[in-house]
Amino acid sequence: MTPAAIKELLPYLTDDERTELDEIIASDIEARPFSPLPGPQQMAFDSRADVVGFGGAAGGGKSFLAAGKALTQFDKSMILRRNGTELTAIVDEVLNMAGTRDGYNGQDKILRLSTRQIEFGSTPNLGDEKKYQGRPHSFLCFDEAANFAEIQVRFLMGWNRTTTPGQHCQTLLTFNPPTSAEGRWIIQFFAPWIDKRYAGKTAMPGELRFVGVVPGANGVSRDIWVDDASPFVIIDGAPSWDFDPALYLAQDIVTPQSRTFIPSRISDNPYLMGSGYLSVLQALPEPLRSQMLFGDFQAGMEDDPWQVIPTQWIEIAMARWTDKSPKGEMISMGVDVARGGRDATVICNRHVGNWYDRLIKLPGTQTPNGETVAGQVIASRRDSAPIHLDVIGVGSSPFDLLRIARQQVIGVNVAEKSTSSDRSGRLRFMNLRTQLWWQLREELDPVNDTGICLPPDPELLADLAAPKWSMSGMRVQVESRDDIKDRIGRSPDCASALILARMDTPKLEVIERKQHSSNASTLDYNPLASF
């Protein structure tokens, strides 16, 4: 009996008949070789995309697909879950489908068959992905991919390759809608299919789209969606197809990959439809019910209770933003200087009306010294806007150069003591960094109705939603940049520049009017003395 026939028969069966059918199906699965279910699973099984996303709802046969592809299409595979304790189910799925445990090494978690090898891995902590560095696999599967950090997935995809003639390579990401803000990256990864705010044309299930992967400003690669697989280079920050290949190194020429997403639900899996699992999903509380039953990526994701700024507040400020021309007076600049090869120098400009311009993001390789940073800042400055620059570490060099260039630059050491309190006057802050973050939180709180407008930037949203806070008595402390980086695998450079741009410092001409009777240099003015 075909799956389609089983699906039609289900409404007419008694409970005893359903139980008997379940037993027949179970024995059938064990006896027969892998054959994908018609519909989404078959589409994903046949797809030749470089990267395939599959799932969206619970019960669609995600693990079954991963096991079947590894056993039938690829010579060397790796299937990963974020935590090793979660591997048991997928290991059992593969071994049951293979029909034997011969060749399986439980200690190494590797199944070796006559023509195929399947390895099972996990990366519970950031940095664990590096233990698989340099080990190529023609098939790479991230089971429940939204539980992984984006940087882990992209790092391991670098070894999705083969030297076997005729063997194609593929990465499979199976996932349900993310239930936390930290899994939100998966929506951008498959934006043409599942992000309602995607600016381009919405993609159909199984449709191939092409994406060029280039270095990002904050250490995580950036996707550029393009029309086809034609190679391009980045010129002045934008892709260009009009170039002479002889003038570029091979690593500077970007060859787009094909990517697709195929949604599936429990209704596409007649075996589970007859098992009673549907009633389990229907009984889940919202928004989990909509996420798991319908694959609703727009259903509410839970923030960490100690997240400094709720994700919804950030989204409201970004939804309020519209591009401006003219932009109005620039009243403040925030500059976060790159601290390493993967970090970025980010410039944030704030204009009158509490309107923030699109961020200027410069990979650390483009700002190798203080002179370059200072030059970029001066080129971006308008209307004599005060420059707020983080002087911890590498920020001191551009600070000195900007002073020599007679720019109004304020060196900010976020580790210094705070002398302020929250709006209620009851909470104090452990340091200036905490104060700046908390004041931005208050600015974004819809209750305060400040009208703040933030550019709709996925990297900025992720950065602003990243920090967590804690309490000690009546003192608030926001976790350090290093703690955030250890937790999420990247530095929140965009948010760091924005909290600096939010600082209010009078312009020099205003200070001069107030200090007309003083002989002190206005460049020595310290706004933090009363901030």
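**Trp306 and other topics**

A: Let me begin with Trp306, which counts as partly exposed because its relative accessibility is 42%, a value that lies between the 20% and 50% cut-offs. Please keep in mind that this is a predicted model.

Q: OK, and where is Trp306 placed?

A: Trp306 sits in the loop between α11 and α12, the latter helix covering residues 311-320.

Q: Which residues form a nonpolar patch with Trp306 on the surface?

A: Met471 and Met474 form that surface patch with Trp306, and together the three residues have about 300 Å² of accessible area.

Q: Switching to confidence, where is it lowest and where is it highest?

A: The lowest confidence is in helix α11, residues 288-294, with a mean pLDDT of 50, whereas strand β15, residues 355-356, has the highest, at 98. Across the protein chain the average pLDDT is 85, and 83% of the residues score at least 70.

Q: And what about residues 26-32?

A: Over residues 26-32 the pLDDT stays under 50, and for this stretch the model has four contacts beyond four places in sequence.

Q: New topic: is Glu479 buried or exposed, and where is it found?

A: Glu479 counts as buried because its relative accessibility is 16%, which is under the 20% cut-off. Glu479 is found in the loop that runs between β21 (475-478) and α17 (481-488).

Q: What does the side chain of Glu479 reach?

A: The Glu479 side chain reaches the backbone nitrogen of Lys468, at 2.9 Å. Leaving aside residues up to four places away in sequence, Glu479 touches Lys468 along with Arg433, Ala466, Pro467, Ile484 and Arg487.

Note on methods
Residues are numbered from 1 along each chain as its sequence is written. This is a predicted model: local features need pLDDT of at least 70, side-chain atom pairs count only at pLDDT 80 or more; totals for chains, interfaces and linings use all residues. Side-chain values use heavy atoms; hydrogens and water are left out. Helices (H or I, at least four residues) and strands (E, at least two) are DSSP runs, numbered from the N terminus. Buried means under 20% relative accessible area, exposed over 50%, partly exposed in between (1.4 Å probe, protein chains only). A polar contact is a pair of N or O atoms within 3.5 Å; within protein, one must be able to donate a hydrogen and the other to accept it, and residues adjacent in sequence count only if both atoms are side-chain atoms. Contact means heavy atoms within 4.5 Å. pLDDT is the predictor's confidence in each residue, from 0 to 100. Patches are made of residues with over 30% relative accessible area and no salt bridge: like charges are joined within 9 Å, nonpolar side chains (Val, Leu, Ile, Met, Phe, Trp, Tyr) within 5 Å. Accessible areas come from the Shrake-Rupley method with a 1.4 Å probe; for residues, only the protein chains shown count as cover. A salt bridge is a side-chain nitrogen of Lys or Arg within 4 Å of a carboxyl oxygen of Asp or Glu.
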